[in-house]
Amino acid sequence: MAAFARLLKELSVAPAQLSSLNLEAKSLTAEQVEELVSAIPHPNAVTQVVLNRNAIRTASTLARVLWVFPNLKVLEAGRTNLAEEGFAEFAAAISAHEHLQFLDLSRNNIVDGAMISFLPALSCTTLTSLSLRDNQITGDAMMELVKPLMTGTTRLEQLDLGLNRLSDAGTMALATALELNCGLTHLSLDTNGISVVGAKSLAQALTTNTTLQRLSIMDNVLGDDGLSALEHVLETNSTLTELALRGNRTILAHTSI
């Protein structure tokens, strides 16, 4: 408690030029985070907040952060024990925010229900980079999450879905969005249990896609046929310049890792 009191006192007299608020690994609860951000005397100056490695647990606290800092561009909340609570409120805050560009929700326990509640946030007009790496998202949720990509109602360019449970079903849903040139430039699907079926669906989509520049699909189970299908894409797709395939059954020539 003494450490929290000192931190609260420091932030209550923070200078007007404070643009980055780093609260990483401070052993903070949701209530403490909300109290700290509310203490900042010049909230309009803050453009970056780092909350990684705290026991926040509820996304409603992240909503509070967005309301307090109207000019926030970067929000990092990795490894904060998020699961499902508060995501509808968080999505509403993102949708109303006018400046958020980068959001990191990696290394949490985010499940499909949270992602469905989060869906409206993907239509945010400013959010361009989203990391959902290392969560519990399955292919069922992806079938809903790709809808904003398919309809062009999102400005997402970078999407990290590595270390989830998308399987072939989620990968095929993403492939459909890619086929429609959804705007993504960077996509990570590492460690998602993707087989040759998912690999071939991505390869087919990338024969017409003209936006994706980097695809990482490492540590899956693509097999020789899946790897070969993706390798052939590099011969015809001039936009895709980086293809990471490490950790699959075969490492083919010309593969960027």
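Colleague: Which residues does threonine 61 touch, not counting residues up to four places away in sequence?

Modeller: This is a predicted model, in which local features need pLDDT of at least 70 and side-chain atom pairs count only at pLDDT 80 or more, while totals for chains, interfaces and linings use all residues. Residues are numbered from 1 along each chain as its sequence is written, and side-chain values use heavy atoms, with hydrogens and water left out. A contact means heavy atoms within 4.5 Å, and by that test, leaving aside residues up to four places away in sequence, threonine 61 touches Ala30, Val33, Glu34 and Ile56.

Colleague: Does threonine 61 count as buried or exposed?

Modeller: Buried means under 20% relative accessible area and exposed over 50%, with partly exposed in between (1.4 Å probe, protein chains only). Threonine 61, which is found in helix α3 (residues 60-68), has 0% relative accessibility, and therefore counts as buried.

Colleague: What share of the 257 residues in the protein chain do buried residues make up?

Modeller: The same cut-off of under 20% applies to each residue. Over the 257 residues of the protein chain, the buried share comes to 51%.

Colleague: Which residues touch the most other members of the largest nonpolar core?

Modeller: A nonpolar core is a set of buried Ala, Val, Leu, Ile, Met, Phe, Trp, Tyr and Cys residues joined through side-chain atoms within 4.5 Å. Phenylalanine 90 has contacts that include Leu66, Leu75 and Phe118. Among the 80 residues of the largest core, those touching the most other members are Leu75, Phe90, Leu105 and Phe118.

How values were computed
Helix = DSSP H or I, 4+ residues; strand = E, 2+ residues; numbered from the N terminus.
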